[in-house]
Amino acid sequence: MKIAIAVAALAGLIVPMSAAQAATAAPHDTPPAASTAPATTAAPVLVARWNFDAGATAGRVADTSGHGAPALTARGADQGALSYEAGPTGGKYVAFPALCSVGATACPRAMLEAPNDGDLNPGTRLFRWGATIRVLKSQVRGSSNIMQKGTNATGSQWKMQIGQKMGRAQCVVIGVGSPAVYMAHSTNPITDGAWHKILCQRSGTTLAIFVDGVQQGTVSVPAAMSISNSMPLRIGGPNFNTSSDMYHGQLDDVYAELG
């Protein structure tokens with residue numbers, strides 16, 4: 001799904017997408033370009049994008065941003081595998097393994113991973129990371145990690161996840177050299193089985209989350225907070241530990257923009 005994020009021409013207002021539009025939009029519409037993203041003081045550059053339309057070749061998904069980002073590599077544990085499924089209007093999206101039953105001795109898990117890349121270490125610059133997702137509340141256990149780079153133990157982090165209790169989308173950042181965790185979460189749950197476009201944006205002193213083109217939450221962050229680490233980008237989970245917060249839904253159009 002490439003659901004465009006509309007920006008109002010005046011006063012930086014975001015034009016909302018109706019619930020009906022969000023639920024029925026095809027998962028392979030044109031994605032938001034920098035010029036049509038939420039209004040900011042500077043237009044960012046698309047530095048990475050994986051839309052899954054061509055599926056995978058030898059387990060690798062090529063970047064389609066034109067900026068030369070590394071390919072994603074599929075990884076699995078306990079025979080977990082990803083599937084690339086056709087959308088209603090052409091192209092494909094990726095589906096992750098089903099949620100394991102409680103107490104299962106073997107749990108198929110899978111994720112996508114790209115190596116560390118300078119354009120995914122924004123420092124203090126404007127940075128956006130987005131994905132289009134479809135997931136049910138019954139598929140979420142723990143904090144379901146959609147995408148992340150870094151952990152709370154590696155010096156800094158940016159992340160998108162879904163909270164188990166309320167089923168709301170969450171954007172998380174941690175700065176270099178600080179244990180403080182900053183989180184912006186959506187007003188409404190997104191675990192309704194419809195496709196939703198989630199966008200996280202760090203701009204200056206604000207971390208914001210947008211759902212289907214509508215800003216739903218913000219939190220203040222330090223202006224000098226820097227996000228940079230040597231960790232890979234991981235999509236669909238943080239690791240393969242038995243307690244790992246894996247994502248078990250469907251995913252399309254993962255991208256990052258840097259200002």
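**Exercise 1: Disulfides**

Find the handedness of the link between C171 and C200, and say where in the chain its two ends lie.

Solution. Keep in mind that this is a predicted model.

Step 1: The angle about the S-S bond is -85°, and the link of C171 and C200 is left-handed.

Step 2: The sulfur atoms of C171 and C200 are 2.0 Å apart, and a disulfide needs them within 2.5 Å, so the pair qualifies.

Step 3: Both of these cysteines, C171 and C200, are buried.

Step 4: Now turn to the other link, where C100 is joined to C107. Here the angle is 105° and the link is right-handed. C100 and C107 are both buried too.

Step 5: In sequence order, the bonded cysteines pair as 1-2, 3-4.

**Exercise 2: Aromatic rings**

Work out which kind of pair F127 and W158 form, and which kind W129 and W158 form.

Solution. 

Step 1: For F127 and W158, the planes are 65° apart. Over 60 degrees counts as edge-to-face, so that is the kind of this pair.

Step 2: F127 belongs to strand β7 (residues 127-134) and W158 to strand β9 (residues 157-162), 31 residues apart.

Step 3: For W129 and W158, the ring centres are 5.2 Å apart and the planes meet at 45°, so this pair is tilted.

Step 4: Put together, F127, W129 and W158 make one aromatic cluster.

Key:
Residues are numbered from 1 along each chain as its sequence is written. This is a predicted model: local features need pLDDT of at least 70, side-chain atom pairs count only at pLDDT 80 or more; totals for chains, interfaces and linings use all residues. Side-chain values use heavy atoms; hydrogens and water are left out. Buried means under 20% relative accessible area, exposed over 50%, partly exposed in between (1.4 Å probe, protein chains only). Helices (H or I, at least four residues) and strands (E, at least two) are DSSP runs, numbered from the N terminus. Rings of Phe, Tyr and Trp (its six-membered ring) pair if their centres lie within 6.5 Å; planes under 30 degrees apart count as stacked, over 60 as edge-to-face and the rest as tilted.
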